[in-house]
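Please look over the structure below before reading the notes that accompany it.

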Amino acid sequence: MAVRRGLIEPGLAGTFRDEWGRTVAALIHRFGDWDLAEDCAQEAFALASERWPVEGTPSRPGAWLFTVARNRAIDRLRRTATYQAKLSAVATMATALAGGEDAALAPPPDKPEALDEGSFPDKRLGLIFTCCHPALAMEARVALTLRTLAGLSTAEIARAFLVPEATMAKRLVRAKHKIQNAGIPCRVPPVSALAGRAAGVLAVLYLLFNEGYSASAGDDLVRRDLCDEAIRLARVLAGLMPELSEAKGLLALMLVHQARRASRVDGNGDLVRLEDQDRSLWDRAAIKEGERLLAEAARRGEAGPYQLQATIASCHAGAATAGATDWHRIAQLYQRLAELTGSPVVDLNRSVAVAMAYGPEVGLAIVQQLEGSGVLGDYYLVPATKADFLRRLGRCREAATAYREALALARNEPERRFLEGRLAEVVSQSLGTGGGAEGL
């Protein structure tokens with residue numbers, strides 16, 4: 001893979017964030033070939049990383065990237081044995097999508113071509129709806145969108161779904177082949193079909209934000225580019241479908257979480273737990289907007305999973321101090337969320353709220369049940385949560401073992417440093433109480 005976040009030149013990081021999704025979306029609309037679009041977009045970014053430091057960044061970097069990627073795609077098609085068939089198919093698609101344009105494979109223009117955003121409010125959001133076609137399984141819809149438009153690696157998506165990377169790679173290949181073999185059109189669906197695809201779109205934006213808010217790997221806890229893009233697209237979706245209460249609920253959830261961004265790491269980039277965060281740094285305007293959106297969503301009927309999560313986040317945001325947090329209400333909300341979703345991750349989060357409301361031994365029982373089921377596999381937060389409960393119960397030697405298990409699974413450096421600090425703490429406590437170093 002030629003170009004991916006974390007591998008590109010530092011000066012290109014902002015351009016990747018701004019232009020990757022737009023470029024890939026435009027290429028898919030133009031050529032109808034997912035792999036071709038990704039490959040040629042990567043080649044364009046690779047060329048940019050070589051030329052721009054020497055020649056300077058063009059005045060319209062997005063148009064430059066699209067033109068280079070489009071020309072690479074044309075060259076590839078011309079070299080294939082099925083060029084004439086592709087030419088006819090692409091020309092037909094371009095005519096249908098562009099309202100009569102018949103020059104999809106015409107020689108490249110002298111000047112970079114600007115992207116046509118069309119009538120849909122955002123081409124990237126439009127292609128998310130395309131990816132979320134009901135012919136695809138829900139997980140495939142979400143994974144394909146994260147891979148194609150957000151530029152997440154297969155490994156990052158696999159971690160989000162808690163599955164092996166090889167498994168996710170196979171799912172992505174099958175999803176692309178199904179779209180192409182079934183002739184699913186690469187265009188925005190009619191208005192009547194938008195509602196049926198909304199669940200997949202919401203899931204995409206939710207996972208995109210989650211990967212940004214707590215990066216699954218890397219040197220930084222937060223990836224601001226992903227958070228900002230998820231919020232931007234969620235705003236577009238909420239405006240496009242104002243009757244969809246869960247769209248407002250998701251946007252509210254993102255805003256309230258994002259409001260705490262400045263307090264989540266210290267000056268060294270280390271993780272700061274919620275209970276220790278400086279609440280004066282929280283963005284009260286973002287919290288207020290999130291609460292307003294949540295109230296609007298609540299007026300439309302029973303709360304869905306995103307509204308429930310936003311309500312939980314609002315409970316935290318509304319507490320003046322960590323000690324003032326209404327953990328009993330949060331535990332009740334998590335219980336409703338668990339009943340609604342059946343998600344083991346929700347149960348893991350519920351264990352924390354229950355532990356805060358009723359004691360760590362109650363939360364530990366929930367975690368041990370999840371651990372015994374094996375449903376969360378190698379999810380590092382299972383042993384990390386277990387370790388915290390054991391620490392609070394004074395069972396330091398057992399806590400040390402659990403912290404080591406979590407460290408073996410964690411891939412994000414700030415989170416690893418936090419776990420290492422906790423491990424050192426429980427080892428010290430065990431030695432100080434005469435527990436000895438055996439097994440630690």
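This is a predicted model: local features need pLDDT of at least 70, side-chain atom pairs count only at pLDDT 80 or more; totals for chains, interfaces and linings use all residues.

## Helices H17 and H18

The axes of H17 (residues 381–392) and H18 (residues 396–409) approach within 8 Å and cross at roughly 160°. Because the angle is over 145 degrees, H17 is roughly antiparallel to H18. The crossing is left-handed.

H17 contributes Pro 383, Ala 384, Ala 387, Asp 388, Leu 390 and Arg 391 to the contact, and among the residues from H18 are Ala 399, Ala 402 and Tyr 403. By class, the contact has nine nonpolar, four charged and no polar residues.

## Salt bridges around Asp 388

Asp 388 forms a salt bridge with Arg 391, with the closest N and O atoms 2.7 Å apart. Both residues lie in H17, three residues apart, and both are buried.

Arg 392 also forms a salt bridge with Asp 388, at 3.8 Å between the closest N and O atoms. Arg 392 and Asp 388 are separated by about one helical turn because they are four residues apart in H17. Arg 392 is partly exposed at 34% relative accessibility, while Asp 388 is buried at 10%. Shared partners join Asp 388, Arg 391, Arg 392, Arg 422 and Glu 425 into one salt-bridge network.

## Asp 39 and Arg 76

The structure holds 22 salt bridges. One of them pairs Asp 39 with Arg 76 (3.4 Å, N to O). This pair links helix H2 to helix H3 across 37 residues of the chain. Asp 39 is partly exposed at 32% relative accessible area, as is Arg 76 at 25%.

## Leu 205

Leu 205 lies in helix H9 (residues 191–213) and is buried, with 0% relative accessibility. Beyond its neighbours within four places in sequence, its contacts include Ile 128, Ala 234 and Met 254. The C-alpha atoms of Leu 205 and Ala 234 are 6.8 Å apart, although 29 residues separate the two along the chain.

Technical notes. Residues are numbered from 1 along each chain as its sequence is written. Side-chain values use heavy atoms; hydrogens and water are left out. Helices (H or I, at least four residues) and strands (E, at least two) are DSSP runs, numbered from the N terminus. Buried means under 20% relative accessible area, exposed over 50%, partly exposed in between (1.4 Å probe, protein chains only). Contact means heavy atoms within 4.5 Å. Axes are lines fitted to C-alpha atoms, for helices over the stretch in contact, and angles run from 0 to 180 degrees between N-to-C directions. Angles under 35 degrees count as roughly parallel, over 145 as roughly antiparallel, 65 to 115 as roughly perpendicular and the rest as oblique. A crossing is left-handed if the near helix is turned anticlockwise from the far one by less than a right angle, and right-handed if clockwise. Ala, Val, Leu, Ile, Met, Phe, Trp, Tyr, Cys and Pro count as nonpolar, Asp, Glu, Lys and Arg as charged, and the others, Gly among them, as polar. A salt bridge is a side-chain nitrogen of Lys or Arg within 4 Å of a carboxyl oxygen of Asp or Glu.
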